[in-house]
Amino acid sequence: MSLKDKLLSSFFVFEDQVDVNNDVHKLRNEALKLFEAKGFPTKKDEAWKYTSLNSLLKEDYSIFPKKEEALEYKEVKKYFIHDIDTYTMVFVDGIYASHLSQTTHDKFHACLMSSALTKTQYKPIIDNYFNKIAPKDSGLNALNTAFSKEGAFIYIPKNVMVDKPIQILNFSTGNESALLVQPRNLVVVEENSHVQIIERHQSLTENPVLTNSVTEIFAEKRAVVDYYKIQNDKASASLIDNTFIEQQQESNCAVHTFSLGGKLTRNNLNFYQKGERIDSTLKGVTIIEGKQHVDHNTLVHHAQPNCESHQDYKGIYDDKSVGVFNGKVYVEKVAQKINAYQSNNNILVDDKATINSKPQLEIFADDVRCSHGCTIGQLDEEALFYLKSRGIPAKEGKALLMYAFANNVLESVKIPELKKRINLLIAKKLNVDLGFDL
């Protein structure tokens, strides 16, 4: 039985776990029909031209994980950003782990999607926001919606500055021989509110894991959202991360993505600007080796005038690794005086490494300042010679140059402790000794 057929037949089992009379379940049924029609993307789809899911879809994934003995904090402590105090939401094999979580606060709401989808107090928010910006023409989004049950629900009311970052940690225990998990996150940040969120997916064994995640983020007027994604998983874990952000007037949203591990990682990151004087930032660092594959697919849709967007993605590829960057900036006719910047710079350490880069601009306004650029190359021989002349061996010199190349993306990270953690992860990937550890 194919994975698609297994999922379609499993939906009837899923219905026994949820309230079929809930309005959301109508969306689930519609989404299942769409997934049945669309299925999984293939390389025939333009957006998936350089990324094939065939090897992943051959696994016999468990759809509903068994409830096993709870993880202890000491087993997963190293994956927490424990240098600072945070609110924390932990999911183990897709199931909420209350003993590892801490979300108590009286000024905002951080709870389970399963609660938000069923409790009356959250119904107006679910009706207004749930499944409103995730594109309806995607089989993967439809699949996640059909099985939507658990994940993080974060609602920040007006004029609230969340006093510390929120961590969303997703652990896979390996209790199943192969596991498919589909977290669904909804983040609503109302007027004049601020929040910082750190998200991580982490396998604890070498058993195959496929994560198909969907996150919808809504930033209302003058809201500020800083979102950080740490992707440094084991070589048996694959992640399809679908994140969609809608911004209203004068809001400021930034997403930093650090792709440093995993078998196959696909990041679909879409920004939709719905008001004026909006700022959108998309930055990423990819450092992979072996046969790892990372695909960044981005969109910034400028629908109103006087807005800005900034995209800066750096990639370092070794061995037979493959990178993909497909970034689009779309400017509507009414969106005059847009300032949009897009850059993708890559280093191929090995001759067998591959990068497919396609920065795109679609501009229908005539008073804009938009630019895009892409570079693919190797390390600067003159810089290497300079380092050698100062007594630095060739191996260490290459590592230092790559570290400097990737590290400038960290300048806009606003959480000092997180910046230090990512700094160390990058240094370890490149074999650079920073003289300290965590």
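Visitor: Where does Gln 247 lie?

Guide: Gln 247 is in strand β11 (residues 237-247); helices (H or I, at least four residues) and strands (E, at least two) are DSSP runs, numbered from the N terminus. This is a predicted model, where local features need pLDDT of at least 70, side-chain atom pairs count only at pLDDT 80 or more, and totals for chains, interfaces and linings use all residues. Residues are numbered from 1 along each chain as its sequence is written, and side-chain values use heavy atoms, with hydrogens and water left out.

Visitor: Thanks! Is Gln 247 buried or exposed?

Guide: Buried, with a relative accessible area of 0%. Buried means under 20% relative accessible area, exposed over 50%, and partly exposed in between (1.4 Å probe, protein chains only).

Visitor: And which residues does Gln 247 touch?

Guide: Leaving out residues up to four places away in sequence, its contacts include Ala 219, Cys 253, Phe 271, Tyr 272 and Ile 278. Contact means heavy atoms within 4.5 Å.

Visitor: New topic: how many aromatic pairs are there?

Guide: A search of the whole structure gives 13. Rings of Phe, Tyr and Trp (its six-membered ring) pair if their centres lie within 6.5 Å; planes under 30 degrees apart count as stacked, over 60 as edge-to-face and the rest as tilted. One of the pairs is Phe 35 with Phe 40, edge-to-face, at 5.3 Å centre to centre and 85° between the planes. Both Phe 35 and Phe 40 are buried.

Visitor: What about Tyr 79 and Phe 171?

Guide: They form a tilted pair, 5.9 Å centre to centre with 55° between the planes. The pair links distant parts of the chain, 92 residues apart: Tyr 79 is in the loop between α4 (73-76) and β1 (87-92), and Phe 171 is in strand β5 (residues 166-172). Tyr 73, Tyr 79, Phe 80 and Phe 171 form one aromatic cluster.

Visitor: Let's do helices. At what angle do α2 and α7 cross?

Guide: Roughly 145°, with the axes of α2 (residues 23-38) and α7 (residues 139-146) coming within 8 Å. Axes are lines fitted to C-alpha atoms, for helices over the stretch in contact, and angles run from 0 to 180 degrees between N-to-C directions.

Visitor: Which residues make that contact?

Guide: Among them are Leu 27, Ala 31 and Phe 35 of α2, and Ala 142, Leu 143 and Ala 146 of α7. Phe 35 also belongs to the edge-to-face pair with Phe 40.
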